[in-house]
Amino acid sequence: MSAVPDPPMVVRFGRAEMALVGITMIWGTTFLLVHWAMTVSGPYFFVGLRFGTAALVMLPFVWSALRGITMTEIKAGLIVGLTIAVGYMLQTMGLQTIPSSKSAFITALYVPLVPLLQWLVLRRPPGLMAWAGAGLAFVGMVALAGPDGMAGGMGRGEWLTIISTLVIAAEIIAIGYFAPKVDAPRVTIIQLATASLLSFAAMGPAREYVPGFSWMLASIGIGLGLASALIQVVMNWAQRSVSPTRATVIYAGEPVFAGILGRLAGERLPSGAFVGAALIIVGIIVSELKPRSRRSRITEE
């Protein structure tokens, strides 16, 4: 009698995961663009412009579908839209005083937060490989930042960015919770419109004024608006089948792209950048390793 050996672990990486990798690359370019935009605009107006543009771009494509909108989709759109507005306003405020690459490194700290929040809020403990992948990705980001990545102390910009990571983690959890229950295009436009309106509304209490016209501001705002629309649609679609923990580890590639772009723009990458980037990639792969169920088969000799 002999037992069939356990099959090897396999990597599962489908269209949804590839789509998330694509938007992660786009996401990584946004930090430098926002950093530039902050030289000619306040954070609240810019976030409102960015997501307002995204909502207007999507409106013609989902207008007819809005007639079938449900209360669940409205609720989901308002909740996720609130997290988008708060998270991006805090992150954009931080980019007024810290470099784009440093902002990306700090923002990526949400990677270990999502499994923890998923466990605490949704009572869905992630598997061992997901924890291992998230841990490797986090270590990679620490190495990517290096001793210089967090140098200079913890100022207002750093603290605002750290707080924004908590909100971004909540956004990913909320999207993962609602995604199987809603129509992605319908809920996305509600999210974008909510984020835009809340950001514009915050200008009054913050005493922020509408900036003068600038071609740089207009081009960055419209460009990021288009990117934001694409990112939110893909997130809502892909996370119907990709768990929040797995999605988060994929999103961990964002500081790699942000750091590369920042270096090309003149920002200094830390010495451990290449080691950190490699660890993040390993973390993504490890998180995708799924051991098949143990099966024993008794055969007669």
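**Helix packing and the nonpolar core**

Good morning. I begin with a contact: T24, M25, W27, G28, T29, F31 and L32 in α1 meet E254, F257, A258 and L261 in α11, where contact means heavy atoms within 4.5 Å. By class, this contact of α1 with α11 has seven nonpolar, three polar and one charged residues (Ala, Val, Leu, Ile, Met, Phe, Trp, Tyr, Cys and Pro count as nonpolar, Asp, Glu, Lys and Arg as charged, and the others, Gly among them, as polar).

The model is predicted, with local features needing pLDDT of at least 70 and side-chain atom pairs pLDDT 80 or more, while totals for chains, interfaces and linings use all residues. Residues are numbered from 1 along each chain as its sequence is written, and side-chain values use heavy atoms, without hydrogens and water.

The axes of α1 (residues 15-37) and α11 (residues 254-264) come within 7 Å and cross at roughly 45°; axes are lines fitted to C-alpha atoms, for helices over the stretch in contact, and angles run from 0 to 180 degrees between N-to-C directions. Helices are DSSP runs (H or I, at least four residues), numbered from the N terminus.

Now the second pair. The axes of α2 (residues 43-62) and α3 (residues 71-94) lie 9 Å apart, at an angle of about 130°. P43, Y44, F46, V47, R50 and F51 in α2 meet I84, Y88, M89, T92 and M93 in α3. By class, that contact has nine nonpolar, one polar and one charged residues.

Finally, Y251. Leaving aside neighbours within four places in sequence, Y251 is in contact with L20, I23, T24, W27, Y110, I172, M235 and Q239.

Conventions. Helix = DSSP H or I, 4+ residues; strand = E, 2+ residues; numbered from the N terminus.
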